[in-house]
Amino acid sequence: MNKKILFITQAAMIAAVYIVLTYFISAFNLASGSIQIRISEVLTVLPYFTPAAVPGLFIGCFLSNVLIGSLIPDIIFGSIATLIGAIGTYLLRNHKFALTLPPVAANMLIVPFVLKYAYGVPPVIFKGIDLTIPFLMVTVGIGEVISCCILGTMLVRALGRYREQIFGEAASKPFIKA
């Protein structure tokens, strides 16, 4: 099969699955907001298997943010956070234990500012100190740990056995010895 066609097809499929998962979880009000468990972020481990996941995740996040009615700053910066996370996962593909950390870190550092400044999340004040951003970092981080670290690790293990069948010859040899 032509490598370019395979790359585009994989990216499109990953984007489509990201959109479906985000749209599904948004029905439970968990795709955005202070408390979010965006299960579609589980897919940020896919750059371990194929570089096509990087544009696929970015496009999927961008389009799903548009479809669920996110504000423009969230569409832009939320998608960039997912892109940074996907690139980080790809760059760490030789360090299986660290695969899930880039998307968690990127979202923890970017999304709280979007929530505070774009959506106007009510401030969290403790003893006169505004703890809104740190509080949102914790809440977003917990959702990302659930989606990326816990579910993502399970996905890597589940797909690892079938990497060649799912992702083609390029993924037939593990980057690292498991």
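Q: Helices (H or I, at least four residues) are DSSP runs numbered from the N terminus; in which helix is the place of Leu 67?
A: Leu 67 lies in helix α2. This is a predicted model, in which local features need pLDDT of at least 70 and side-chain atom pairs count only at pLDDT 80 or more, while totals for chains, interfaces and linings use all residues. Residues are numbered from 1 along each chain as its sequence is written, and side-chain values use heavy atoms, without hydrogens and water.

Q: Why does Leu 67 count as exposed?
A: Exposed means over 50% relative accessible area (Shrake-Rupley, 1.4 Å probe). Leu 67 counts as exposed because its relative accessibility is 51%.

Q: How many cavities of 30 Å³ or more are found, and what lines the largest cavity?
A: Rolling a probe the size of a water molecule over the atoms shows where empty space is left. A cavity is a set of 1 Å grid points where a 1.4 Å probe fits but cannot get out, and lining residues have an atom within 4 Å of a point. The whole structure holds one cavity of 30 Å³ or more. The largest cavity has about 130 Å³ of space. Its lining has 18 residues, of which Gln 36, Arg 38, Asp 74, Asn 107 and Val 111 are the closest to the centre. The lining divides into seven nonpolar, seven polar and four charged residues. Helix α4 supplies the largest share, four residues.

How values were computed. Helix = DSSP H or I, 4+ residues; strand = E, 2+ residues; numbered from the N terminus. Buried < 20%, exposed > 50% of the residue type's maximum accessible area, 1.4 Å probe, protein only. 1 Å grid on protein atoms, 1.4 Å probe; cavity = no way out; pocket = protein on both sides within 12 Å on 5 of 7 lines; lining within 4 Å. Points joined across faces, edges and corners; volume = space filled by probe spheres on them. Nonpolar A, V, L, I, M, F, W, Y, C, P; charged D, E, K, R; others polar.
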